[in-house]
Amino acid sequence: MAAQKRTSDGLSGEDPGEMVQLLTPHGERVHHPDYDIEPTPGELREMYRRMALTRRVDAEGVTLQRQGELGLWPSSLGQEAAQVGSGLALRADDHVFPSYRDHGVALARQVDPLHIFRLFRGVSHGGWDPAEKNFHLYTLVIGSQVLHATGYAMGVADDDADSAVVVYFGDGATSQGDVSEAFNFAAVYDAPVVFFCQNNQWAISQGVERQSKVPIHRRAAGFGLHGVRVDGNDVLACLAVTRAAVERARQGREATLVEAFTYRMGAHTTSDDPTRYRQSAELTQWARKDPIARLEKYLLNHGWADADFVAGVGEEGDRLAQHIKESVRTMPDPDLTEFFDLTYAGEHRQVTEEREWFKEYEASFVEGS
């Protein structure tokens, strides 16, 4: 079994036949014997639109952080196909447990992007109701959400509910014990969960070859899971593989570990400088595999979209970015007593007493003194 090795332009020594791909980097359609779909031109245009809007929202996040409007921003640049493709494979009653850069999944679930910006502006600890879209809160603790999702999926199975759970994490999280524990629980208890690993090649400054001796999806077999690697820059393949995985989960057959082989084109977060640990040749290599560009080529080559459509999506993205910018800059600071209201589901005597004490304490300060 070949180990993963890194060269100046990325990972080598991999078997390309292992990876499910339906749309090549040149925008050419190929077919797979086990995973194949035929989206309509309208569905393809919607995938393009959602990926393009995700990228525009993400770019605005980086800009706002640089302007001092956000405390931090984790960019999803380059990972749009993995997120949008998998997100569109889910039903409304499926449950999603994201990590902290899954902006495309959030948009696919129709979560208001301003909720995400409230979180990174620091005016909210979560920002949205997880039950509204079955999209749980962002998790900044690496790998912890994988256990949460598995436990939730075990509850879904106990309820005999016809739904699946999907949890997102990165290649670096696979080194966490929580993730291995979740794999084992999911296998032993036949939990209806899909483990969606976005292998973007870098866990901050540590390459994926420092996380796993073998390709990540192969680790599934040791736990009794189904494992599959998909081209994470191919939105069609990500849709097809995730759709099959959630169907497998619903039928109670086995949990699936999906390794979406993609690349983080930007920094780990806005506090990171990727030029210190990766070579420009690697970035250039992956830029040729851009997920949005390949779908655009496919649409244009078949006459299913034209320059006006592409320009219109760009204008929609600009309008959304302008709305986000104006809204972020006018977001009110939260009332400091709000966290007392969020401690318990209902009222609690001790918390009530502490709230009243805090109000008196705040009132004791004289403005301007």
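## Phe 135 and its surroundings

Leaving aside residues up to four places away in sequence, Phe 135 touches Val 96, Pro 98, Asp 102, Val 105, Ala 106, Arg 109, Val 111, Trp 128 and Pro 130. These contacts, like everything else described here, are read from a predicted model. Phe 135 also belongs to one aromatic cluster, which it forms with Trp 73, Phe 117, Phe 120, Trp 128 and Tyr 138.

## Nonpolar cores

The largest nonpolar core has 62 residues, and those that touch the most other members are Phe 117, Phe 135, Tyr 138, Val 230, Val 258 and Leu 295. Helix H9, spanning residues 235–250, gives the most to this core, with ten residues.

## Aromatic pairs

The structure holds 23 aromatic pairs. In one of them, Phe 169 and Phe 183 are tilted, at 6.4 Å centre to centre and with 55° between the planes. Because Phe 169 lies in strand S5 (residues 165–170) and Phe 183 in helix H7 (residues 177–188), the pair ties together parts that are 14 residues apart in sequence. Phe 169 counts as buried at 2% relative accessibility, and Phe 183 counts as buried at 2% as well.

Trp 202 and Tyr 277 form a pair that is tilted, because their ring centres are 5.2 Å apart and their planes stand at 50°. This pair links distant parts of the chain, 75 residues apart, with Trp 202 in strand S7 (residues 202–203) and Tyr 277 in the loop between strand S10 (256–261) and helix H10 (280–287). Trp 202 counts as buried, its relative accessibility being 6%.

A ring also takes part in a contact of another kind, in which the charged end of Lys 289 sits over the ring of Trp 286, 4.2 Å from its centre.

## Helix H11

Helix H11 covers residues 291–301, and its buried residues are Pro 291, Ile 292, Arg 294, Leu 295, Tyr 298 and Leu 299. Seen down the axis of H11, these buried residues fall within an arc of 165°, and therefore they line one face of the helix. They pack against helix H1 (41–66), helix H2 (80–87), strand S9 (226–231) and H9; one of them, Leu 295, is also among the residues that touch the most other members of the largest nonpolar core.

At the start of H11, a side-chain oxygen of Asp 290 comes to within 2.9 Å of the backbone nitrogen of Ile 292. The helix is followed by Gly 303, which has a positive phi, near 70°.

Notes:
Residues are numbered from 1 along each chain as its sequence is written. This is a predicted model: local features need pLDDT of at least 70, side-chain atom pairs count only at pLDDT 80 or more; totals for chains, interfaces and linings use all residues. Side-chain values use heavy atoms; hydrogens and water are left out. A nonpolar core is a set of buried Ala, Val, Leu, Ile, Met, Phe, Trp, Tyr and Cys residues joined through side-chain atoms within 4.5 Å. Buried means under 20% relative accessible area, exposed over 50%, partly exposed in between (1.4 Å probe, protein chains only). Helices (H or I, at least four residues) and strands (E, at least two) are DSSP runs, numbered from the N terminus. Contact means heavy atoms within 4.5 Å. Rings of Phe, Tyr and Trp (its six-membered ring) pair if their centres lie within 6.5 Å; planes under 30 degrees apart count as stacked, over 60 as edge-to-face and the rest as tilted. A charge sits over a ring if NZ of Lys or CZ of Arg is within 6 Å of the ring centre and within 35 degrees of the ring normal. The arc is that of the directions from the helix axis to the C-beta atoms. A polar contact is a pair of N or O atoms within 3.5 Å; within protein, one must be able to donate a hydrogen and the other to accept it, and residues adjacent in sequence count only if both atoms are side-chain atoms.
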